[in-house]
Amino acid sequence: MDHEPLPVPPSRPARVRRIAAIVAGLVLLGGAIVVLRTPPEDPSQATPRPVPPPQTTVREFAGEGVVTPAPGAKPEPPSKIVTKSSLGTLQLWWGTAVAEVAEPKGAAGYEVRWGHAGTNEYTRLVAQPTTQLDGLENSAPYDIEIRTIDSYGQRSKPAKTTATPQEAEDKTPWSFRDTFTDRVTPDPVNWRFFSTTDCGRATTGGGSDGKRLIVSAQCGAEPVGLRARAPFRLRDAPADGELGRFVVVTDHPSLGGELLVDLVPGPADLIDGSPNGSPKPDRPGLAQDNPALPPGTIRVRVAARDDTTDVQVLVAPGTPRMGTAVATQPVPTAQVGLSVRWEVVLRTDGVQVLRDGVVVGGGDVVPAWREATALVGLLGGGSGLYAGINLIGFVGAPTAVPVLVVPPPVDAGPVVVAADAGLSTTGGTPLPGTRGGQVRLTLIPQNGPKDPADDTFTVEIGGANFPARPAVAGQPMTRGVRYPVVADVPPEALVLGKDGNTLPIRVHGPVRRAQAATRVVSASVELVAPEGAVSPAAGSGTDVPLPRTKPALARPGATLFDAAGKPITEGAKVPSGRVVLEVRTDGPAGQRVGGELAGVAGVEVRLDGQRIAGIPTVADGPGVGGVWRLALTTNGLTGGNHSFEIRLIGTTPTAAFAVSYRPFTV
């Protein structure tokens, strides 16, 4: 196919500059090299060299034979803004997805401003034609301005609208519902938060993240989780084939990572954790086996990576199948930072997974239980976890949250095997205000059991030992897989340690097994309240989320074209003569790091380490990225390997630069 020659970017007046080289030599005198020496400095007196500040500006520059592009007319504003209102939140759309209008020509991104009465208190840079504003005051109008930004930081006139956040009418027959708007979130009456290490938090948000639950973590590949204290119960008589449904409204995993909804037929806190990970997605509409799940468990896994989202229904091996796939629709591309309503619908003909009302996943299984523990797991992407949750609720048979007796922290220690490794509680204080409790533990065996007796454990507490049983009957112990167990204890065994704050317990394993063969990764206690007791009021709510990942720059990349406009693939030899280097950025990839984009000061291009071009992008304010075409010649380059370095420079030191390389051969 013939290609039209690529247009050469318009040149700027007096843009061609020549680079002079200064050569220093050695002076030979009488066949000897004269070297001037100075005494060495005392290292203890040496002054450290100051570290130069990060580059935050770009100077306009074109090397010899390089023609850089120039900005044109300012872009047009978005032609239409659609708003969606909910409790404390506004969603804004101005592209084809909802507004059904094209994005403005030449748009590299957008600047969104909002506030009360035209104050524009907040500003955000985004790549996609949509964004979500959180932490808003209900029933209060907000003025919103959206400006298109082109590749040079030029801004359009603002597109304006006014919208008021308010809760939409909800006729859902909830049996349990939490919108996380209380002063203390999550309310300990309703929820317990768990992680295998102290690497995550569940707190109320602040500022633009206020009035919702924020789950933040830096746990690597380990998910954190919420356990609902209210049991999830199915209807005895289906309603139009529906037994019950679990609902969660969250912006996770729009930044990457995983959302897990687990319905477990037993009192478990943490499950799974298999070192082999989840099975790869298979045929849509059919459930898949996951050997790490306890028997009877139904898991819905939503995993997002880049612009792809997978939805799976996972069950333990041996779960009966109905054999007919659930009809599903493709999963839409996730919009960064936008909350989505996920629903897990348990029916008499299978499991459906809905995303904003559309069936996007399913499984050909029906639960064999009538009551389950509901767990919500969250796993972050490459930059950690920062997820907002607006609502979690159940629909099904009536349920109730047990009265809360505030539990003390549990000091579980390691699993011990020696019979004489007793736990001293001498001098401890009995725990008041309870009729007993259930100790809940999550163990991880390092070796599989060699004998049925190898999965027998006891819990020592208050000077006595109590048998522990699997939280889900029939779950086998498997190496590296979380193994939840529970032990019921009477009130007299609940004795605080000498510090008066913690509840010390010890888990005893089979003497046959090595002491290090099993680890305790989670320990808690659910206390039984006295008759007539009521849950206490929430505390101070002073905990705050972990720091959010700073906004990142768009991700740069480059493509080479020959003079006829034909792309030059990597590895192919580049002919001598004129070529065009097209530099472009991936805005959504940068936005997925921290939820919004960092401002761009400009782009610099280097050839074999030598700067050949600088293009500022701050005409009317920080840029967001874009597309630039540079014309240059390969004449004069030596034969062999060469490389372009494309560097995007940020306007702030916290987002210094983003780099990509385009190697080529002459």
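**Exercise 1.** Work out how many cavities of 30 Å³ or more there are, and what lines the largest cavity.

*Solution.* Start with the rule: on a 1 Å grid over the protein atoms alone, a cavity is a set of points where a 1.4 Å probe fits but cannot get out, and lining residues have an atom within 4 Å of a point. Volume is the space filled by probe spheres set on the points, which are joined across faces, edges and corners. Next, the count: four cavities of 30 Å³ or more turn up. The largest cavity holds about 180 Å³ of space. Its lining has 22 residues, with Leu-255, Gly-384, Leu-385, Tyr-386 and Ala-387 nearest the centre. Finally, the elements giving two or more residues to that lining are β14 (213–217), β26 (385–395) and α1 (587–594), and β26 gives the most, with three. Helices (H or I, at least four residues) and strands (E, at least two) are DSSP runs, numbered from the N terminus.

A note on the source: this is a predicted model, where local features need pLDDT of at least 70, side-chain atom pairs count only at pLDDT 80 or more, and totals for chains, interfaces and linings use all residues. Residues are numbered from 1 along each chain as its sequence is written, and side-chain values use heavy atoms, with hydrogens and water left out.

How values were computed: 1 Å grid on protein atoms, 1.4 Å probe; cavity = no way out; pocket = protein on both sides within 12 Å on 5 of 7 lines; lining within 4 Å.
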